[in-house]
Amino acid sequence: MAKSEHPAVWYEHLHTEKYTGARRGRIHTPHGTFETPMFMPVGTQGAVKGVGTRELKDIGAQFILSNTYHLWVRPGDELIAQAGGLHKYMGWDQAILTDSGGFQVFSLADARKLKEEGVTFQNHVNGDKMFLSPEVAMRIQNNLGSDVMMQLDEAIPYFETYEYIKESMQRSLRWAERAQVAHKNPDTQALFGIVQGAGFKALRTESANGLVGMDLPGYAVGGLSVGESKKEMNRVLDFTMPLLPEDKPRYLMGVAAPDSLIDGVIRGVDMFDSVLPTRIGRKGTLMTRFGRVVIKNSKYKNDFTPLDPDLSYYSPNPIRRDQFGNLAQYDLPDYNPFQNLTRSYLHHLFNANELLGAQLASEHNLRFLLQFMEDMRTAIENDELLAFRETVMEEYGYNKPNARLF
């Protein structure tokens, strides 16, 4: 068989929005072709908390994200490799992106010692001493078999000194070069680089230019959504995104607030991820078209309205078929069981500590963001993204005094 002219993962541009320059495209992977811009649910330990792979397909998930550090600690990347890779291990036949584990090492692990070779630390589960380097991160991710792998970088606070961030950024560049050399499966897995540099334009430029010079299949912007204001994040994106190739996918790490999703897309981002929708869902906060709903509040005890009457809980996912190739029962236009679930019922589930409450809320929030991205893709195609943003800002409540961030 002749070798494909494309790398394992590649970007196809479909349309540029007339008034903002936002991109509408597709990302092709060994496990399918997926529409952008997209939001990726996070399944840190090989599972999206409270939502099964069947349900993820039902609600329109395309990529999911898993974590290298957590899967390395348990059950172990070699065990997952023996099982046939992460796709088979967790029963997911669509695309997977794995981050490098660097963020978790620098945020969860104890007794860290950072050197040029890598970082030595004690893991958060049993305190075992471990060593993570660019080469080790590549070995783990090659064993996992994810479609997209992230380079190891140093996760640092946003508000550090120029010299500290410069040293860290340049080390991460060298680590990207080492990761590219250590990558064993370039025909089936794509390595993305991560642009660092905090809020310093010169450092972001140096980082982006170094990574682009490596001709990687895709690029992420890291070190944002870590405590800086949204205005500051947009300022950094304004001068960073034009540095990245137009023919490669662009990924903004750790973002899920609706206004930030739109702002990122306007600036050229294709991919987003965050634990936000499932984390707040498990605690009883719902994302709806008209803003946040804290379902534990007593005012919902006698509220027999749907959670969000405008949300179509099941996505027309072309991958999902029955054994005869026909759309399943729940794909019929008049079948939407979630519309029969009231705010009162979900309020009851949380007050009764029923696990189903956290599951339904998590699934609801993910579907909200996935449909949000579907609607945004349509707005881009129709050159109506600014009107879409104006509607979201008004309906979601961002224009109100003391508006919440999500």
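The model is predicted: local features require pLDDT of at least 70 and side-chain atom pairs pLDDT 80 or more, while totals for chains, interfaces and linings use all residues. Residues are numbered from 1 along each chain as its sequence is written, and side-chain values use heavy atoms, without hydrogens and water. The protein is divided into domain 1 (10–274) and domain 2 (282–396), with bounds that come from an automatic or database domain assignment.

**Domains**

- The centres of domain 1 and domain 2, taken over C-alpha atoms, are 27 Å apart.
- Contact (heavy atoms within 4.5 Å) links 39 residues of domain 1 with 33 residues of domain 2.

**Nonpolar cores**

- A nonpolar core is a set of buried Ala, Val, Leu, Ile, Met, Phe, Trp, Tyr and Cys residues joined through side-chain atoms within 4.5 Å; buried means under 20% relative accessible area, with a 1.4 Å probe and protein chains only.
- The largest nonpolar core has 86 residues, of which Leu-132, Phe-272, Phe-372, Met-376 and Leu-385 touch the most other members.
- Helix H13 supplies the largest share of this core, nine residues.
- Because domain 1 and domain 2 both give residues to this core, it lies between them.
- Beyond residues up to four places away in sequence, the contacts of Leu-385 include Glu-17, Thr-20, Ile-262, Val-265 and Met-376.
- A second, separate core contains 20 residues, among them Phe-63, Met-150, Ala-190 and Tyr-251.

**Helices H10 and H13**

- Helices (H or I, at least four residues) and strands (E, at least two) are DSSP runs, numbered from the N terminus.
- H10 (residues 258–266) packs against H13 (residues 355–381) at an angle of about 35°, with 11 Å between the axes; axes are lines fitted to C-alpha atoms over the stretch in contact, and angles run from 0 to 180 degrees between N-to-C directions.
- Pro-258, Leu-261, Ile-262 and Val-265 of H10 meet Phe-368, Leu-369, Phe-372, Met-373, Met-376 and Ile-380 of H13.

**Leu-65**

- Leu-65 belongs to strand S5 (residues 64–67).
- Its relative accessibility is 4%, so Leu-65 counts as buried.
- Leaving aside neighbours within four places in sequence, Leu-65 is in contact with Pro-41, Val-42, Gly-43, Thr-44, Leu-97, Asp-99, Tyr-251 and Asp-273.
- Leu-65 and Glu-12 are 53 residues apart along the chain, and 21 Å separate their C-alpha atoms.

How values were computed. Buried means under 20% relative accessible area, exposed over 50%, partly exposed in between (1.4 Å probe, protein chains only).
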